[in-house]
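Work through the following exercises with the structure in view, and try each task before reading its solution.

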Amino acid sequence: YLRMVNGSDKIQLDWIEIRRGKFRSQTRIPPTLFERGAYDVYLLGDLPAEVFTPALLQQLADRVQEGAGLLMLGGLENYAAGGYGATPLADLLPVQLTPGGAGGPAADQVTGPQPMVPTERGLQRYVMQLTTADQNRARWQTLAPLVGATKLTPKNDLVEVWA
C-alpha cells in the first residue's frame, strides 16, 4: 500500500527490497541512499539493523541529525528486537530500546491479536482521525486487531503516546 503513494506528484517513494531467509546475505543497500540531500524522510519497515553496514547506519543517523525525518514501523525485527539498541539510531528514537537482538522476539514483543486503541491525546491528532470526532473512537474499535505489537516506552515527558 505504501508504494501507491507514488501516484502523487508531490511524493516520491523509493522501495528497497530486503531479502529474507537464505538470500538475506545477498541484500545490498546502496550507499547513495544516505548521501546528504538524497531524501527528506527515511521509512524503515520490519528489518533488522544487521542488514545495514555500520557505516550506513552512521550515515543514516547523520542525515537525521541534519534534519531528515525517520519513521520506524513496527515488526518482529525492528526496535530492540532488530538490534537497533546498539546502533547510532538508538539515541535518535523517542523510545527506550531494551537490550535485544536480531534472531528472535525480545521481551518487548507481544504476540497474538492486539487491538489498536488510541489514547485520548491520540484521538485528537490529525493522523489518528479516521472519521468525525464524535465517531472516531467507535471507528477504531471496528478495525481488525494487529497480529502482534512491540511494547514501547517513551524516553521522556516530551514524547506523546497516541495509541
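**Exercise 1.** Determine how many salt bridges there are, where a salt bridge is a side-chain nitrogen of Lys or Arg within 4 Å of a carboxyl oxygen of Asp or Glu, and describe the pairs that link parts of the chain.

Solution. By this rule the count comes to 4 salt bridges. The model is a predicted one, in which local features need pLDDT of at least 70 and side-chain atom pairs count only at pLDDT 80 or more, while totals for chains, interfaces and linings use all residues. Residues are numbered from 1 along each chain as its sequence is written, and side-chain values use heavy atoms, with hydrogens and water left out.

Begin with E120 and R137, whose side chains meet in a salt bridge at 2.2 Å, N to O. This pair links distant parts of the chain, since E120 belongs to helix α2 (residues 120-124) and R137 to helix α3 (residues 136-142), 17 residues apart; helices (H or I, at least four residues) and strands (E, at least two) are DSSP runs, numbered from the N terminus. For accessibility, buried means under 20% relative accessible area, exposed over 50%, and partly exposed in between, with a 1.4 Å probe and protein chains only. E120 is therefore exposed at 53%, and R137 is partly exposed at 35%.

Next take R125 and E160, whose side chains form a salt bridge at 2.9 Å, N to O. Because R125 lies in the loop between α2 and α3 and E160 in the segment after β6 (153-154), the pair ties together parts that are 35 residues apart in sequence. R125 is partly exposed, with a relative accessible area of 25%, and E160 is partly exposed too, with 33%.

**Exercise 2.** Which residues are linked with R63 in a network of salt bridges, and is R63 buried or exposed?

Solution. The network links R36, R63 and E66. Within it, R63 forms a salt bridge with E66, the closest N and O atoms being 3.0 Å apart. With a relative accessible area of 10%, R63 is buried, whereas E66, at 44%, counts as partly exposed.

**Exercise 3.** Find how many aromatic pairs the structure holds, and classify the pair of F34 and Y42.

Solution. Rings of Phe, Tyr and Trp (its six-membered ring) pair if their centres lie within 6.5 Å, and planes under 30 degrees apart count as stacked, over 60 as edge-to-face and the rest as tilted. The structure holds 3 aromatic pairs. The ring centres of F34 and Y42 are 5.4 Å apart and their planes stand at 25 degrees, so this pair is stacked. Both partners can then be checked for burial: F34 is buried, with a relative accessible area of 3%, and Y42 counts as buried at 7%. Finally, F34, Y39, Y42 and F52 form one aromatic cluster.

**Exercise 4.** Where does L73 lie, and how far in space is L73 from L47?

Solution. L73 is found in the loop between β2 (69-72) and β3 (95-96). At 31% relative accessibility, L73 counts as partly exposed. Although L73 and L47 are 26 residues apart in sequence, their C-alpha atoms are 9.3 Å apart in space.
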